[in-house]
Amino acid sequence: MNNVKKILKNKPLIVLIAASVAIALLNPRFLSWSNILTVLRQTSINAVIATGMTFAILIGGIDLSVGSVLGLCGAIAATMVSSGTNVVLAVLTVLVLGTAIGYFNGTLITAGGLQPFIATLGTVTLLRGAILVFTQGRPISTGNTAASEHFSEIGTGFLGPIPIPVYIMLLVFIVAYYILNHTRIGRYIYATGSNEEATMYSGIKTARVKRFVYAVSGMMAALAGILLTARLGSAQPTAGAGYELDAIAAVVLGGTSMAGGIGTIGGTAIGALIIGVLNNALNLMKVSSYYQDVAKGIVILIAVLLDRKQKSSR
Amino acid sequence: MKEIVVSMQHISKDFSGVKVLKDVSLNIYKGSVMALVGENGAGKSTLMKILTGVYLKTQGEIFLDNESVNFPDTRASQSKGIAIIHQELNLVKDLSIGENIFLGREPVSSGRIMWNKLHEDAGYWLGKLGLKEDPRELVKNISVGKQQLVEIAKALSIDAKVIIMDEPTGALTPAETDKLFDVIKDLKESGKSIVYISHRLHEIFEICDDVTVLRDGELIGEKSIESLDEDKIIEMMVGRKLSEQYPRIESEPGEEILKVENLSNQFVKEVSFSLKRGETLGVAGLMGSERTELMRSIYGIYPAKGSVYLNGEKVKINSPLDSLRYGIAYVTEDRKANGIITGMNVRENITLSSLELFKGPLGFISKGKEEISSKEYIEKMSIKTSGTKQQLRFLSGGNQQKVSIAKSLMTNPKILILDEPTRGVDVGAKKEIYDLINKFKSEGMSIIMVSSDIPEVLGISDRIMVMHEGRVSGFLNRDEATQESIMTLAVGKDVI
């Protein structure tokens with residue numbers, strides 16, 4: 001009984017279930033095994049980015065640079081594997097790069113005293129330029145070396161019946177969940193987001209907490225870049241443009257407060273799934289892509305409004 | 001016989017059942033300066049907020065030129081010629097002087113602001129105060145003293161008959177203060193009435209004609225300045241008995257544990273003091289004495305020059321983390337801003353400073369240990385909560401304060417700095433906090449207690465340090481300390 005109540009209180013989950021039921025009634029193919037796997041695989045990239053974004057939003061910040069980090073890291077990964085670099089080395093290099101860019105964002109915000117919005121907006125422009133310089137504006141194929149074969153497995157392969165990106169998404173969720181709920185840094189993230197001054201007075205180096213958070217966000221964006229590039233077999237110079245918005249939408253749909261301090265990884269997972277389901281449904285129903293964004297925007301606004309209404313009326 | 005402009009008669013004010021003003025009367029005379037004095041919390045600001053329409057009175061009447069008036073909001077009092085200049089000035093720093101003076105009352109012709117007229121008129125009022133500033137200059141570019149005069153110009157421009165000044169000289173240089181006093185004297189000559197709120201008694205003797213003293217929300221008396229001296233005013237401001245509220249216990253302080261030498265920064269000047277093991281040092285002073293800033297400088301929030309010795313060894317504290325590692329914990333006076341995290345629960349708040357105590361496998365927090373330990377503190381400090389998972393916002397002020405103290409206590413400090421530990425706490429909880437202080441003391445902890453509540457300082461401390469404008473103005477041993485001797489040092493009477 002208690003569990004039922006808990007579920008009923010979880011607005012994002014109800015939105016997800018209601019949307020899924022409605023779509024399944026309209027189009028039974030939605031519930032087919034292969035379609036479910038498609039939804040999960042398509043969701044994985046946004047889910048990974050949104051996990052990093054959850055960290056940033058939990059401390060009351062934001063990371064607009066994730067899409068461009070994804071683009072740059074994807075291009076570098078593609079270049080490395082197409083020249084036959086070992087996949088593990090390529091993946092690690094790119095993850096370190098993404099983490100470093102995130103750490104740089106965190107430093108701009110803490111040491112430089114910039115607003116997170118402005119700092120990461122600046123990084124977006126810088127990285128987008130860097131991508132164009134690096135790719136010369138052309139797509140980079142992952143090539144057909146032995147390394148690229150392995151690399152594409154990350155995006156297209158299966159382990160048993162489940163696509164590999166889905167495992168990666170789940171792993172990211174679990175690790176993030178443990179960090180946020182069971183480690184000191186996780187506690188400090190919530191504390192900093194709730195009341196930074198009180199956290200500092202409690203003897204915590206809040207600047208360190210912030211740099212950690214942006215580093216995580218950068219690393220997640222790099223991981224998403226690997227997933228996307230591996231799936232497509234090439235890195236587009238415009239890859240990732242606008243992805244930060246889907247990630248923010250997923251976080252907010254999941255009930256995380258933009259003011260910081262309140263939110264969960266479970267919520268973000270559900271938020272990402274809502275967006276994934278929605279994209280999938282619009283495709284299944286053959287809605288013109290022009291209308292897709294309109295529909296998506298409307299659903300996001302309704303879901304968020306419902307959530308706020310409930311919170312303010314308590 | 002002086003002509004009365006404003007007469008507040010038998011004013012009372014309750015805040016949700018708590019009486020903050022009891023049957024207080026205040027007269028403001030034409031062409032005269034009335035000083036309004038009293039300790040922090042005596043009810044001066046509340047009284048002035050009633051006069052300016054910020055608060056509604058519970059009982060009493062206000063007469064303006066012998067007519068009963070009612071001020072439901074600030075606009076109503078302004079339109080009757082009553083202006084207030086707050087301690088923290090209410091100017092828009094990024095607008096010009098002229099725009100500030102006429103904010104909300106800009107001269108308009110067919111929908112367009114007449115900028116030339118606005119600035120000319122502003123210039124006229126500035127000229128009256130002998131201020132030669134260009135009215136087009138932005139307010140942020142002029143000194144605080146001049147900003148004060150801009151506020152006065154604004155008051156004059158709305159044809160104020162009564163101007164209330166709340167601690168106007170707090171941020172002024174001596175030269176600026178002299179200038180302000182000249183202006184006040186001119187205002188008097190031209191028939192304006194001034195209410196002058198200040199802790200600086202020597203200023204009151206310089207420019208005021210009469211003094212009204214409040215204490216604990218009650219009127220102590222109205223006297224002409226000639227009939228008073230500083231000692232008499234201080235006597236009127238304090239003068240109440242110590243009750244059994246303060247259960248201080250005798251103890252034999254041990255060896256010196258902390259020594260602060262010549263600590264200076266933008267707030268404090270050459271502060272030196274020492275603290276013994278098992279001693280409670282009370283720190284008294286008025287607003288602006290920078291007691292809180294001193295404690296925060298020691299705690300590593302504000303950088304400062306000077307030396308701090310712990311057990312005879314020189315230490316460098318650059319952050320609260322350093323300070324906690326050395327065993328110096330600080331419980332803030334502003335609970336909401338930097339003491340507690342209202343969105344987190346009791347357990348998470350209590351353990352925030354000491355999470356390393358609960359290290360489990362893989363660097364995870366051992367929530368079992370954390371739970372046991374926080375329960376222990378809830379019990380030890382008798383924190384009233386439905387459990388460790390209760391969010392802090394649902395606790396009363398006194399219990400929030402105990403959580404804040406528990407958080408510091410869990411770091412196992414040797415020195416505990418309590419900044420206004422009983423502010424916003426009801427009487428019963430106050431007593432509990434005093435009992436805790438005594439308990440810590442008897443366990444050998446050293447305590448520094450900053451408080452604006454003089455009876456509390458007298459009741460709990462073994463020794464008292466009094467501050468005045470960022471400096472230590474004196475130390476008093478328990479047996480020689482009285483409300484008068486503290487107040488004398490706090491107003492800086494001997495340091496002027």
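A residue is taken as buried if 20 or more other C-beta atoms lie within 10 Å of its own, as exposed if 12 or fewer do, and as partly exposed in between. The model examined here is predicted.

Leu395(B) belongs to a loop, the one between α13 (367-380) and α14 (397-410) of chain B. Setting aside neighbours within four places in sequence, its contacts are Thr385(B), Gln390(B), Gln400(B) and Val403(B). Asp159(B) stands 236 residues from Leu395(B) along the chain. The C-alpha atoms of these two residues are separated by 48 Å.

The model scores ipTM 0.87 and pTM 0.77. Chain B has a mean pLDDT of 89, and 96% of its residues reach 70 or more. Within chain B, confidence is lowest in helix α8 (residues 230-237), where the mean is 82. Confidence is highest in strand β18 (residues 328-331) of chain B, at 97.

Chains A and B meet through 17 residues of chain A and 19 residues of chain B. On the chain A side, the elements that give two or more residues are α9 (184-194) and α10 (196-201). Helix α9(A) supplies the largest share, five residues. By residue class, the chain A side divides into six nonpolar, seven polar and four charged.

Within chain A, helix α5 (residues 87-110) and helix α11 (residues 206-232) pack against each other. Their axes come within 7 Å and cross at roughly 145 degrees. The crossing of α5(A) with α11(A) is right-handed. Residues of this contact comprise 17 nonpolar, ten polar and two charged.

Both α5 and α11 of chain A also receive the buried residues of α7(A), as do α4 (66-82) and α8 (164-182) of chain A. Helix α7 (residues 146-156) of chain A has as its buried residues Ala147(A), Ser148(A), Phe151(A) and Gly155(A). Viewed down the axis of α7(A), these residues fall within an arc of 90 degrees, so they line one face of the helix.

Helix α12 (residues 243-253) of chain A is largely enclosed by the rest of the structure, because ten of its eleven residues are buried. Among them are the charged residues Glu244(A) and Asp246(A). The buried set also includes Tyr243(A), Ala247(A), Ile248(A), Ala249(A) and Ala250(A). Val251(A), Val252(A) and Leu253(A) are buried in α12(A) as well. Just after α12(A), Gly255(A) adopts a positive phi of about 95 degrees.

Asn280(A) lies in helix α13 (residues 265-284) of chain A. Asn280(A) has 21 C-beta neighbours inside 10 Å and therefore counts as buried. Beyond residues up to four places away in sequence, Asn280(A) touches Thr38(A), Val39(A) and Gln42(A). Met200(A) is 80 residues from Asn280(A) along the chain, and 45 Å separates their C-alpha atoms.

In chain B, Val24(B) sits in strand β2 (residues 18-29). With 26 other C-beta atoms within 10 Å, Val24(B) is buried. Not counting residues up to four places away in sequence, Val24(B) touches Ile11(B), Gly43(B), Leu47(B), Leu214(B), Glu218(B) and Leu219(B). Glu67(B) is 43 residues from Val24(B) in sequence and 19 Å away in space, C-alpha to C-alpha.

Backbone geometry was also examined in chain B. Most residues other than glycine have a negative phi. Asp216(B) is not a glycine, yet its phi is positive, at about 50 degrees. The residue falls in the loop between β11 (210-215) and β12 (218-224) of chain B. Asp216(B) has 15 other C-beta atoms within 10 Å and so is partly exposed. Glu270(B), not a glycine either, has a positive phi of about 45 degrees. Its place is in the loop between β13 (256-264) and β14 (271-276) of chain B. Glu270(B) is partly exposed, because 13 other C-beta atoms lie within 10 Å.

Note on methods:
Residues numbered from 1 in each chain as written. Chains lettered and ligands numbered in written order. Predicted model: local features only at pLDDT ≥ 70, side-chain atom pairs only at ≥ 80, totals over all residues. Axes fitted to C-alpha atoms, helices over the stretch in contact; angles between N-to-C directions. Helix = DSSP H or I, 4+ residues; strand = E, 2+ residues; numbered from the N terminus. Left-handed = near helix turned anticlockwise from the far one by under 90°. Contact = placed C-beta atoms within 7 Å. pLDDT = per-residue confidence, 0-100. Arc of directions from axis to C-beta.
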